[in-house]
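These are my notebook entries from one sitting with this model, kept in the order in which I looked things up.

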Amino acid sequence: MQAKKRYLISLLTGAFLVLLFYFGGVVPGPAATGSRSRHGYNRPEQPWPHFSDPLQHLSPWDHSDTEDYNVHISPRQKRDVNSSVYKGKRCRMQSCFDFSLCQRNGFKVYVYPQQKGEKISESYQNILSTIEGSRFYTSDPGQACLFVLSLDTLDRDQLSPQYVHNLKTKVQSLPLWNNGRNHLIFNLYSGTWPDYTEDLGFDIGQAMLAKASISTENFRPNFDVSIPLFSKDHPRTGGDRGYLKYNTIPPFRKYMLVFKGKRYLTGIGSDTRNALYHVHNAEDVVLLTTCKHGKDWQKHKDARCDKDNAEYEKYDYREMLHNSTFCLVPRGRRLGSFRFLEALQAACVPVMLSNGWELPFSEVIDWNTAAVIGDERLLLQIPSTVRSIHQDKILALRQQTQFLWEAYFSSVEKIVLTTLEIIQDRVLQQTSRSNLMWNSHPGGLFTLPHYSSYLGDFPFFYAELGIKPNPKFTAVIHAVTPLVSQSQPILKLLVSVARSQYCAQIIVLWNCDKPLPAKHRWPATSVPIIVIEGENKVRYVFIPTLNIALQVDFAFTVWQSFPERIVGYPARSHFWDNNKERWGYTSKWTNDYSMVLTGAAIYHRYYHFLYSHFLPSSLKSMVDQLANCEDILMNFLVSAVTKLPPIKVTQKKQYKETMMGQSSRASRWADPDHFAQRQTCMNKFASWFGGMPLVHSQMRLDPVLFKDQVSILRKKYREIERL
């Protein structure tokens, strides 16, 4: 009897263990993949799925010329496909990136020379041109930290005319390939009909991917970079600004939620879009799909196609886009779609409905501040969810879409530079940007962390941090004429500026043909004077008056309220010349202006750093060769950062640029080519910035009671109206 009981117990125990093994509860020793606990046994991976886990990801496709029947793939085939997508799936910066290449010369990027006979798409050429024109570029592979192929890898769909054949052989033959180590591969489309996997068709080895429509399943955190899907018409530089013109309250538009696009009758990408008609109400929720795409759509049309197509034709897509509060962004054939960028630009809050998509630049961008992350399984709840969002939150979401669009997505250049900056932050971790830098104006591209790790050292973050600018300034004076007598303008200027209550020190950049005068020739001042000798290309100086200290004091108090802008005296303007079809420059006194000449201005010292480290050497070399236009370039830079005009103070109209004789080094101001050069500079700068960043203004700030007929004793700046 006892033997029979023992037999039954053994049998039940064995059956129980078999069941546990079948459902994943026990993992045999040799195949265990869990981590080892402090007690020494292997802890199995989580056997049961959670509803919060990502769904099994599909790889949709936006090219619609090929439609065919849905192909069912066995589970084993799916496993084989997923395992072959990236052989270096475990790659991370620490394991697959050689940091030593970046230690000698910093973060430099080398682009392989283009091979004769190799076709390159316009989009990929724009990517390569952006890198070659950036401050990261090096033509010497021995100085490079990162390598980018000249072979076009953007479209890896075998049915695409842009597909590059024999890429595997071509890549492996590159002498610097080194199994992809320290290489970056850009890709927009991968896989083809019918399964649309994320396989690129060649072994990427240990290379990083900058990829659109990448799934969280295949995305390697802090190694790959998720980029947005952009069209071939996406501008290379500049790009249009966002469409949020007025922050109206309440921020609701004509429609609450819209979508207009293809409905896939067969294959991947069908389920979500096929279900949209359940939510469409033809009033404030307008979700439209059409079956009319592909060569043989009529072969597969269903009972809803005619009705859907008729409803689809009633609405204009752009009118919907610009008059809706929320825009649905469902998966297409691939996880990403063009609608994502279109919604951002239109200030239409994206409602993401593409489970498992690693959102663009997710490593640095907090998408919860600019988008609604939905779930495909909860489609019917989307309308009630967006209706429940408070109008204050909606306004904040819309404002953030505009910031992100203009900071990172409005051009191919910004997409590429953001990708490189993210990788640079990984390489140079000690000077990487904070989350606030990436997600606050003006964004990571204009906030260079090697300037300072403290946010308070940047002019943009004073208000956000609740701090005030420095109460003192450093005056920089460019000496372009030697000191001959005590009555010279340069000495009067030194004395006058030193009298300002806000002046901490004066730096004199000695840029004269003659050597420095003796010490006793310099005036005695209450603040230290530092003299730096050497060739310097900045030429303008103040026109000293008896009351210049009053002007400086007032301008500085104005600047303390606007520390991110240029505040100054002489103003200039730009205009579009229709006859010549180019930008023009004018010094005529008008009711508006767009530039303040930096020869008599106050601005944050960070802009000097940005001027030196952000702008390309080609623009700075042009300024040096012309000995002209550096003030225009500084205005372009600051307006590009702030999206705001400079600020003019006081009413003085006169500002003579020809203040010295023909024998002096300043005689270039009498050169008839001087004005023509400035016209040329305007257009050269506008071309590099991808548009005109300058902003017109009609505001001028004067002291309180400046023109009032009251006692002079009541005025703070009593002498300023004599100017």
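Predicted model: local features only at pLDDT ≥ 70, side-chain atom pairs only at ≥ 80, totals over all residues.

**Entry 1: a bridge in S14.** Which residue in S14 is the bridge partner of isoleucine 477? I looked it up and found valine 508 in that place. I then took in the pairing as a whole, and noted that S13 and strand S14 (residues 503-510) run in the parallel sense over seven bridges. For S13, which spans residues 473-479, I found that five of the seven residues are buried, so this strand is largely enclosed by the rest of the structure.

Entry 2: The mean pLDDT of the protein chain is 82, with 79% of the residues reaching 70 or more. Over residues 15-84 the pLDDT stays under 50, although the model has 99 contacts beyond four places in sequence for that stretch. I marked residues 536-547 too, where the pLDDT is below 50 and where the model gives 48 contacts beyond near neighbours in sequence.

**Entry 3: the chain in outline.** I counted 20 helices and 22 strands in the secondary structure of the protein chain, and of its 723 residues 52% are buried. Taking the contacts between residues at least 6 apart in sequence, I found that 75% of them join residues at least 24 apart.

**Entry 4: the open sheet.** I followed an open sheet of five strands in the order S1-S2-S4-S6-S7, with parallel pairing. Which strands stand at its edges? They are S1 (109-111) and S7 (225-226), each with a single partner strand, so one side of each is left without a neighbour in the sheet. From S1 I stepped to strand S2 (residues 146-148), to which S1 is joined by three bridges in a parallel run, and I noted leucine 146 in S2 as the bridge partner of valine 109.

**Entry 5: S10 and its partners.** Tracing the chain from S10 through helix H9 (residues 339-345) to S11, I recorded a right-handed β-α-β crossover.

**Entry 6: proline 350.** Within S11 I stopped at proline 350. Is proline 350 buried or exposed? Its relative accessibility is 0%, which is why it counts as buried. Leaving out residues up to four places away in sequence, I listed what proline 350 touches: Cys327, Val329, Ala343, Leu344, Ala370, Ala371, Val372 and Thr401. I also checked a C-alpha to C-alpha distance, and found proline 350 and leucine 328 to be 6.0 Å apart in space while 22 residues apart in sequence.

**Entry 7: the nonpolar cores.** The largest nonpolar core has 76 residues, and those with the most contacts inside it are Phe186, Phe361, Trp367, Tyr408 and Phe409. Its largest share, eight residues, comes from helix H12 (residues 412-427). I looked up phenylalanine 361 individually and, leaving aside its neighbours within four places in sequence, found contacts including Val225, Ile227, Tyr408, Phe409, Ile415 and Ile422. Apart from this core lies another, of 43 residues, among them Tyr451, Phe614, Leu615 and Val638.

Entry 8: Serine 573 lies in S17 (residues 571-577), and because its relative accessibility is 4%, it counts as buried. What does the side chain of serine 573 make a polar contact with? I found the side chain of histidine 696, at 3.1 Å. Among the residues that serine 573 touches beyond four places in sequence are Gly584, Tyr585, Asp592 and Met595, and His696 is one of them too.

Methods. Residues numbered from 1 in each chain as written. Heavy atoms only, no water. Helix = DSSP H or I, 4+ residues; strand = E, 2+ residues; numbered from the N terminus. Buried < 20%, exposed > 50% of the residue type's maximum accessible area, 1.4 Å probe, protein only. Polar contact = N/O pair within 3.5 Å; in protein donor to acceptor, adjacent residues only side chain to side chain. Contact = heavy atoms within 4.5 Å. Pairing = 2+ DSSP bridges. Core = buried A, V, L, I, M, F, W, Y, C linked by side-chain atoms within 4.5 Å. pLDDT = per-residue confidence, 0-100. Right-handed = clockwise from strand over helix to strand, strands pointing away.
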